[in-house]
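Opening the notebook on this one. I want to look at a helix first, then at a chain contact.

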Amino acid sequence: MTYAPNIRIIRVMCSGRVAPQFVLKAFIEGADGVLISGCHPGDCHYQEGNYNALRRHRLLSKMLEQFGIERERFRLEWVSAAEGVKFQQICDEFTEQIKKLGPLNLNGGKDEHREA
Amino acid sequence: MNNDKKIKLTINDKPIEVDEGITILQAAKMLDIDIPTLCYHPLLEPYAACRICVVEKKTGENSDLVTSCNTKVQEGMVIYTDSENAAKARRLNVELLMAQAPAAKPVQEIAKELGIEKTRFEIEDPEEKCILCGLCVRTCEQIVGAEAISFIERGKNRTVSPPFGEPSEACIGCTACAYFCPTEAITVEDLYGRKVIHNELNLGPSTAILVPIRQAVPMVPVIDEEACIHFKTGECKLCEKVCEKEAINHEMEDEEIEIEVGSVILASGFKPFDATRIPAYGYGRFDNVITGLEFEKLNNASGPTEGKILLANGEEPKAVGIVHCVGSRDKNYNEYCSRVCCMYSLKFAHLIKEKTNAEIYDFYIDMRCFGKGYEEFYHRLLEEGTKFIRGCVSEVTDLALTEQEEGKLIINVEDTLLGIVRRIPVDMVILATGLEPGLDQNEIARIFNISCSQDTFFLERHPKLAPVSTFSDGIFLAGTCQSPKDIPDTVAQAGAAASEALALADKGTFELEPITAEIDEERCSGCQLCIGLCPFTAITYNKEKGISEINDALCKGCGTCVSACPSGASQQKHFRDSQIFAEIEGIFIE
Amino acid sequence: MSTEKPKVAFYWCASCGGCEEAVIDLAEDILKVVEAVDIVFWPVALDFKKKDVEAMKDGSIAVSFINGAVRLSEQEEMVKLLRQKSGLVVAFGSCSHLGGIPGLGNFWNKETIFRRAYITTPSTDNPDGTVPLEKTEVDGKELTLPRFYDTVYTLDQVIDVDYYLPGCAPPPDLIMNALQAILEGKLPPKGAVLSPNKSLCDDCKRNESKPEKLTIKEIKRPWEVELDPEKCFLAQGVICMGPATRTGCGERCIEANMPCRGCFGPTDQVIDQGAKFLSSLASILDTDDEKEIEKIVDTIVDPAGTFYRFSLPSSILRRRRMEDIK
């Protein structure tokens, strides 16, 4: 079973550990999309970390739009450890979607005008 | 009364020495001299209303008639309880009472004893029972403290009544007045016409002092605060007065005791499914539709019917239906199997067969006889002639369609083996109610930081490899709080939990999670946002230092608080912000 | 001799002038400052020119206090000059420290800002659509204006900064403490923010009023509620950046019954104040239900503007994506 090679994994203990700072960091470093994947609601190994991920995802998505980063580039998906196939499908589908959106081109938040 | 002073007197020529302050009646009792009384009660202030206790008191040449219930003894008193004068006066008083309350049985009895056949006085109301003894009024005032009733009017119109003859708000419905009334002049009725279903089977308390269940350990009665008069009015305490062992203490209060322990076994049990949630089964509407637990009480030899299987009207049932899976294996209520109902239903069928000649119908979805010897028991029941009908009961009704169904409860069921819908008339329906998580299940889960599975039963750490452990170290599970299970399984699990707990205690140490969060004292401002977020309540606020602190033994290392900490004071070992940032930078290096 | 007194320079970039006022707000303490130092450059108050600074020896100014963000080529040129001539450079106030209010311009670019400022504002009458040009020919002579950047920069994104004095504007006690520390040579490690490294809750009187479990069911804006002057703003459902903001300000806003808006920036463990606060706020929303969460999120009208009110240029993303601005 293989999934899209474009995906890079940052492992944390729980989706509740994913800080919005990490998502922003990934975007500015060059990621064209960020996927958070956690345990299903009600089935969190740490009881409720995934609900925190959900709350942060919704608020951060809204804020990213203000930065011109489309909602489609930032996804939250519930995938359990037993759902390898689902993970594969999501990765492939997400990669396709990002390809359609094209590169993000944040340029590190810098101003070409000034650097010129 | 605790006076050392002694008084000498004679009653019916018998000398006696008694404490100062007691009454002639009490002194006579010590000499085993019987003085008839009606309005006297040892727990109430004497009132001398009936005047039956009249005696003759001689002082030198002088003779006087006094009521013995409220006349205190005096030095040198000479009392005759049955002298001619006393007897004459008593007879007159009895005759007057006979005219006042011709229907009062105790008066008739005393009259009979005294040889009075009829009263010389005019009878106004031959049905009257009240002798105006005031026991009820005094009870309400002195014992209950409610003062809901009193005498109204005067002379021959005198009567006992609440104010204006209306039901009184001061009345707490304790019925003590009726209990104390010697002539049954006071009766209790339910003004609201509430129908009490199988009252004798009611599993709730029946009196204020009770033994909670018949198998209670320790076997000690308790006071039900909800029902006790004392906790309503502050008065009464009759039980305290009459308990010679002085075992009753109304001042005792619930107290919280802190005990330090190394491990905890949760065995908080279950709650029976509330059968009223399925209105179609008629529980609560039909007297003879009862739950499994109520049947157990009915069947109990020390129960209300002494173990006889009887209907609400006292007759033996001719046909009994037992409905399985009530509230279990049902998408409308609980999807899980409660596991115990099949077997207890079979037991009921067997017991009813043994005790009555009733036909027994067992309505089941699947017969789940999973334990040792269970299948054999099922076969025995088949041989005994219990009729097993495979199918879900849709309704229990009293609506008869045929003469045969008249006066019966009719069970509507789809017989899936015959492929037809059947109507089966029975006298009694037993609902095999399932098991549900306890009422405070979520609260307990919160206190002990453990998870619940989707059905709200406590979640074990692993269904196969760690069935008695939880995700919180040192917290173990036993019994139906974890999942529905029967007694053998519960005992087995409890044994396992006990040994796990002992094993942990014996070791004296336990392994901490390596990946926990830590709060930097220098950076924490004590904003406390993290505290409510921790699913393991591992974070507490140290008021003195003004910072939040993490208990390493409780922290499971999810990192939720780290992400949420607005000042970056909370960091997760091995997953620090700086480490993850570096990792992110790393993956983008071409 | 007075010539041996350490030399001090003040300069302003993209700012409102409030930081200059903050220096004046030292009141009589300014006399102590003047006694201890020589102010060699302070365009807002003293008549020294750029050429005077250029004439100074490199590193001869003991310390330059620079307020305001960098958004023009002129500002970049001046701060680079001051950096060259100064031993220490202190970013003075929120704008040079974090970008400040001018930094909110990073949600736009030069073109959209010019269009708004010079053409589409209702009070503007500019039918030809004239906007400032870097070069203009007038009577055969070329006039130049500094270049207006698309992006606002914090001071440390343009030059090396030694210390930061936070605040909009920095309070007098912090300014005096910083001056004293510099004069006495009792300096913290380079790069330090000269204010306590804890968040505002540490000093906030309302902190004790927080409930055991702080949760928010509904976000309210300050004008929508009658604010309880004793109770934690977050507990009242009002966004207060205090937990994610460095303390030291003297809680001036809190005392005035207004929530903290974050002008002191984050503590040293936090890179991105807005994202950090977003994470905290989202975490305490009192629901697990997806629809409910979205409903509450909808009530936060302008999350980016609220969470990055003072810190957009210093945030991880720094600015809105250029391609997105039309």
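This is a predicted model: local features need pLDDT of at least 70, side-chain atom pairs count only at pLDDT 80 or more; totals for chains, interfaces and linings use all residues.

I started on the outward side of α3(B): the face turned away from its buried side carries Lys105(B), Glu109(B) and Lys112(B), which are exposed.

Next I looked up what is buried in α3, residues 105-114 of chain B, and got Pro106(B), Val107(B), Ile110(B) and Ala111(B). Looking down the axis of α3(B), I find its buried residues within an arc of 140°, so they line one face of the helix. What do the buried residues of α3(B) pack against? I checked, and they pack against α2 (84-100) of chain B. After α3(B) comes Gly115(B), with a positive phi near 75°.

Then I moved on to chains B and C. Together they bury about 2,000 Å², and 49% of that is on carbon and sulfur atoms. On chain B's part of that buried area, Arg523(B), Leu529(B) and Pro566(B) supply 28%, more than any other three residues. I have 26 residues from chain B and 25 residues from chain C in the contact.

How many salt bridges are there between chain B and chain C? I get two. One pairs Glu208(C) with Lys543(B), and the closest N and O atoms there are 3.9 Å apart.

On the side of chain B that touches chain C, α13 (560-564) and α14 (577-587) are the elements that give two or more residues. α13(B) gives the most, with three residues. Sorting that side by class, I wrote down 12 nonpolar, eight polar and six charged residues.

Definitions and conventions
Residues are numbered from 1 along each chain as its sequence is written. Chains are lettered from A and ligands numbered from 1 in the order in which they are written. Side-chain values use heavy atoms; hydrogens and water are left out. Contact means heavy atoms within 4.5 Å. Buried area is the accessible area (1.4 Å probe) that two parts lose on being put together, summed over both. A salt bridge is a side-chain nitrogen of Lys or Arg within 4 Å of a carboxyl oxygen of Asp or Glu. Helices (H or I, at least four residues) and strands (E, at least two) are DSSP runs, numbered from the N terminus. Ala, Val, Leu, Ile, Met, Phe, Trp, Tyr, Cys and Pro count as nonpolar, Asp, Glu, Lys and Arg as charged, and the others, Gly among them, as polar. Buried means under 20% relative accessible area, exposed over 50%, partly exposed in between (1.4 Å probe, protein chains only). The arc is that of the directions from the helix axis to the C-beta atoms.
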